[in-house]
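These are my notebook entries on a structure that I went through feature by feature. The entries follow the order in which I looked things up.

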Amino acid sequence: MVKRERGVKSPPAYPLTVPQSLEDQTRASEPGRAEQQAQLLERAEVRDVVAWMRLLIDPRDAAAAVRALARPPIELRQVDLARVIQIARRGKLEVVAALAAAMESPQLPPEARERIARFLELHRWAAGGLDTVRADLFVGRLIERLGMRRRQLLAADGEDAQRLAGLAGLCELAEEFVGSTPRPTARALAIQLMAASEEKPGRGDTPAAPENDRAETGPHGGEQPAEDRAQTNRAKSSRQTLTETPNGTLQTTLQTMREEVLKDVARIAGRLGELRLDTEVDVSHGVVRYLELLKLAALAERPESETAPKALEDVNARLKTAMTPLQREIYESSPLDELLRGDHAQDGQHSGPARAQALAAQATAARDEPTLEAFLPRKGEGVVVSASDVETYRRCPLRYKFARVLKIPTEQTQSQRFGIVVHQVLERFHSAEGEEAHGAWGTLQELLDLLDTAWRRAGLGEGPRERELREKARRALTRYHERLREEPAQPLWFERSFAFDLGPHHVRGRVDRVDRLPGGGYELIDYKTGYPKTPEELGEDIQLSLYAIAAREAWGLQDTRESYYYVLDDRKVPVPRKGEADAEWVRGAVLEAGAGIMAQNFEPTPSPAVCAMCDYRIVCPVAER
């Protein structure tokens, strides 16, 4: 879990002088208003507007840009979103600038460029009024331009009324802001809405722990509390019930498919009025989705004497006689039949519940959404994973998708940069000595000089908070240097890379430090800048347990023990050793995560601890009402 420095609060994301905050206004008015505002900002339609306003005041807010692009009226496909983000990362561009560059890319189909052009036009219009239009007028006009007040076709009972009520609540919030603010521009309101929507309950003031594999991934999350692991397991169990019986699969899929057909009808109908090149494909996908719903209903009504495989074959034959060639091609590419037949039970490496869950998600997902196969970290028959990848996927597969597949950029916090600087200083200090100079470490002054250099390069600044953090780092590195000279163990390797195959998957990473112990054997050490954990809290640790397997497989080190060294506290905490049973559990976790990634099973598994720390709340469907 990403932790902040104890007693050190992170600076506001937008350190601008603004009037009284919405939070202060609501607390000053009615006791229940703050809670009502929080609930309002969780509404999907309100989050759509907030995403646009966040993007307008901060072009670096990639998560807000992804929501604005993925939601109506733009609805850019995920595979095209992935290509745009790829262009942004390669060119070190903000997402909006990458969209302009993507208009010239041959990788994007014409319909994607049409949607991007529509987005850019809307973005130019909104940016033009950000500092000149009164906040309440701007919000009302933005809602109109996004077409959010139109009645939704085939909406569930009360759904339209709730959506319109949510939009009215946002407009009322903007009006209150105008009445209490000397300069009520849309920008000032956007800053306040961004702060309110980004508030993450339960986030403590503790230092950041850098990611296990910093070169490959983002900030590292810590051990998931027991109650949250239980909630995650309950969520997984609820998905697994889909495969318990054929009838259960059929009824669950029928219910989900019915809801998706209604959404598809409204979406496709909205596109028919546009000048598009893929109208025939859109209509064919809608027809096929309806025919699949008809198939599920027919199977549910089949006579008890008729076997499921026979009924499925018969229904398919009858439906195909009414299809066009394009519709038949779409129909036959669906994983729905595989799900209904239970073929996932005999699917080799990707068998069991994980495969069934993926099939269910694919069968009921939007059929015109291309696969993200090209953006998976594939190697050979499997995928490339690190310890942090496995931990991220186990905590929430959707978060893995955002971070590792779509690779939505996130801004590093001050505490995260602080942790990375400490790691870089230690890496450079030891690499300067070389592997031949064991025991002849550099001087303390050389170590502190490296800190000064890394601090400047990281742009951490020289304010009061930064000076306090810098002094904390100096004290910690001084203690580290003393311990290094006094410890009987002999440090052998620093930042040593490993790579090995586990089943069909390729595991790679780096170990911060490897010591040779006086009595024989080796110690694998990983640096942390967060709060120290107890050995009991590390009972289900994956990172160092996976490193122990790596030491055997990649380096031939059979006798190892593993410890986390908490640099700021000068404390080393060993990971409990459980023998081969622990190794088998870790292998199983890696294989399960790899199979889920390959099957593109990215269903969210929400829990309070994980969701509170997530950087993708604005784009996550679980975080909305």
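**Entry 1: strand β4 and its partners**

I began with strand β3 (residues 490-502), which pairs with β4 in the antiparallel sense over eleven bridges. I counted two strands as paired if DSSP finds at least two bridges between them. Helices (H or I, at least four residues) and strands (E, at least two) are DSSP runs, numbered from the N terminus. I note that the model is predicted: local features need pLDDT of at least 70, side-chain atom pairs count only at pLDDT 80 or more, and totals for chains, interfaces and linings use all residues. Residues are numbered from 1 along each chain as its sequence is written, and side-chain values use heavy atoms, with hydrogens and water left out.

I then followed β4 to strand β5 (residues 522-528); the two pair in the antiparallel sense over four bridges. Asp-515 has Glu-523 as its bridge partner in β5. This hairpin has five residues between its strands, and Gly-520 in the turn shows a positive phi of about 100°.

Strand β2 (residues 382-385) also pairs with β4, in the parallel sense, over two bridges. Val-385 stands opposite Val-507 in β4.

How many of the residues of β4 are buried? I recorded nine of the twelve in β4 (residues 505-516), so the strand is mostly covered, where buried means under 20% relative accessible area, exposed over 50%, and partly exposed in between (1.4 Å probe, protein chains only).

**Entry 2: nonpolar cores**

I took a nonpolar core to be a set of buried Ala, Val, Leu, Ile, Met, Phe, Trp, Tyr and Cys residues joined through side-chain atoms within 4.5 Å. The largest core has 114 residues, and Met-53, Val-84, Phe-119, Phe-138 and Ile-408 touch the most other members. Helix α3 (residues 44-57) gives this core its largest share, nine residues. Another core, of 25 residues, lies apart from it; Trp-441, Ala-476, Leu-477 and Leu-484 are among its members.

I looked up Val-84 separately. Beyond its neighbours within four places in sequence, Val-84 is in contact (heavy atoms within 4.5 Å) with residues including Leu-76, Val-95, Leu-99 and Ile-116.

**Entry 3: the largest cavity**

On a 1 Å grid over the protein atoms alone, a cavity is a set of points where a 1.4 Å probe fits but cannot get out; lining residues have an atom within 4 Å of a point. Grid points are joined across faces, edges and corners, and a volume is the space filled by probe spheres set on the points. I found four cavities of 30 Å³ or more, and the largest has a volume of about 110 Å³.

Which residues lie nearest the centre of the largest cavity? Of its 14 lining residues, these are Cys-396, Arg-399, Cys-611, Cys-614 and Cys-620. Helix α19 (397-405) gives the most to the lining, with three residues. The lining divides into twelve nonpolar, no polar and two charged residues; Ala, Val, Leu, Ile, Met, Phe, Trp, Tyr, Cys and Pro count as nonpolar, Asp, Glu, Lys and Arg as charged, and the others, Gly among them, as polar.

**Entry 4: backbone in the loops**

The peptide bond from Pro-72 to Pro-73 is cis, with omega near 10°. Pro-73 is placed in the loop between α4 (62-70) and α5 (78-91). Glu-75, in the loop between α4 and α5, has a positive phi of about 55° although it is not a glycine.

Methods
1 Å grid on protein atoms, 1.4 Å probe; cavity = no way out; pocket = protein on both sides within 12 Å on 5 of 7 lines; lining within 4 Å.
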